[in-house]
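Here is a short briefing on one protein chain. Please look over the sequence and the structure before reading on.

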Amino acid sequence: MEVGCVIIELFGQEIRLLFVSEENGIKLFLTAVLLLGLVLLRWVARGAVRMLMRGIDRDGPRFWARQIINLVVTVLLFLGVLSVWFDDPSRLATGIGLVTAGLAFALQKVITALAGYLVILRGGTFDVGDRITMGGVRGDVIALGFIRTTIMEMGQPPAVQGADPAQWVRSRQYTGRVVTVTNDKVFDEAVYNYTRDFPYLWEELTLPIRYQDDRARVEKLLLETARRHSVSQEEMPAEALRRMSEKYFVRGADLEPQVYWRLTDNWLELTVRFLTGVYGVRDVKDRMAREVLAELDAAGIGLASATFDVVGLPPLRITGREGPAPAG
């Protein structure tokens, strides 16, 4: 055996094994030691973070501490592997060129997902705990990785129940499915954030009533119910409004509940528009619907429905005719 390579003899012929040498063996050993050391460092760092944040109830600081640890360990591993295997600058340049060409061709999605991760962090697109719609999935972000975002899925409203994939929950509540979406979706599709900067939504409750009913009374009832259950301007943090107006060009929005009328062929449609928090919208609308129906019943006002009136019938005439008597 020569120094720096491994040669075996087979059927009287010497065969030189490629990439098998003392130098490569030493580098493999150093790489294994580096990997083991970084794993141990990561374990110790996570334990220290758990001890330091034992009294903190929020999940956000813990998550970002884990993210920073993972990022530092990944960078150290990358630099360490380069230092072990490419100690010669000329070989380093050649190796980087070959690796870059291979990655550009074979790992396009992975590289794009990593770039999407950086965009999410740098641009503040969303954070863990935000309620978003990304890649056709709506829900709360429960984990954010280098490649994928993990979302606790929520149901769809009835208007989009036929969307793909099909969902059986008819409101913005958890379906129980945990969905992973690759981060590269931020470059291809819109990302809807329900909680960033302004964690409130405008919701609507619609009632169809007959034209002969007391329309003013129903409108007053809707407004009073909405004021009791919606978020008023006095209750809303002034910081949220200030931050929204400073960061974005947003025209003045009416925060007080309003009722809008819409004429149809069969009934008058009254829609109350009100402001509510992102979470618990279904509970708010459920309480409002119960109160409104109870007040309508007390007032003797019913909800309109599609009916058909029979306005006329063709005249009917029944005549009798006597036949021969049956034979006795």
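Predicted model: local features only at pLDDT ≥ 70, side-chain atom pairs only at ≥ 80, totals over all residues.

The protein chain holds eight helices and ten strands.

**Overall make-up**

- The protein chain has 328 residues, of which 29% count as buried.
- Take the contacts in the chain with a separation of 6 or more: residues 24 or more positions apart account for 63% of them.

**The five-stranded sheet**

- Five strands form an open sheet in the order E6-E5-E4-E3-E7.
- The pairing in this sheet is antiparallel.
- Strand E6 (174-182) and strand E7 (192-193) stand at the edges. Each has a single partner strand, so one side of each lacks a neighbour in the sheet.
- Strands of a sheet pair through backbone hydrogen bonds.
- Strand E4 (residues 137-144) and strand E5 (residues 148-154) run antiparallel and are joined by five bridges.
- Leu144 stands opposite Thr149 in E5.

**Nonpolar cores**

- In soluble globular proteins, nonpolar side chains tend to be buried together.
- The largest nonpolar core has 18 residues. Those with the most contacts inside this core are Val218, Leu222, Leu270, Val272, Phe274 and Leu296.
- Four elements each supply at least two residues of this core: strand E8 (200-209), helix H6 (215-229), strand E10 (268-277) and helix H8 (281-299).
- Helix H6 gives the most to this core, with five residues.
- Another core, of 13 residues, lies apart from the largest one. Among its residues are Ile132, Leu144, Ile151 and Val186.
- Leu222 touches Leu207, Val259, Leu270, Val272 and Val292, with residues up to four places away in sequence not counted.

**His229 in helix H6**

- His229 lies in helix H6.
- Is His229 buried or exposed? His229 has a relative accessible area of 17%, under the 20% cut-off, so it is buried.
- Leaving aside neighbours within four places in sequence, His229 is in contact with Val284, Arg287, Met288 and Glu291.

**The aromatic pair**

- A search of the whole structure finds one aromatic pair.
- The pair is formed by the rings of Tyr117 and Phe146, with centres 5.1 Å apart.
- Why does this pair count as edge-to-face? The ring planes stand at 90°, over the cut-off of 60 degrees, so the pair is edge-to-face.
- Tyr117 lies in helix H4 (residues 108-123), and Phe146 lies in the loop between E4 and E5. The pair therefore ties together parts that are 29 residues apart in sequence.
- Tyr117 counts as buried, at 5% relative accessibility.
- Phe146 counts as partly exposed, at 22% relative accessibility.

**Trp43 in helix H1**

- Trp43 lies in helix H1 (residues 22-52).
- Is Trp43 buried or exposed? Trp43 has 61% relative accessibility, over the 50% cut-off, so it counts as exposed.
- Trp43 and Ile69 are 26 residues apart along the chain. Their C-alpha atoms are separated by 9.6 Å.

Note on methods:
Residues numbered from 1 in each chain as written. Heavy atoms only, no water. Pairing = 2+ DSSP bridges. Buried < 20%, exposed > 50% of the residue type's maximum accessible area, 1.4 Å probe, protein only. Core = buried A, V, L, I, M, F, W, Y, C linked by side-chain atoms within 4.5 Å. Contact = heavy atoms within 4.5 Å. Phe/Tyr/Trp six-rings, centres within 6.5 Å; stacked < 30°, edge-to-face > 60°.
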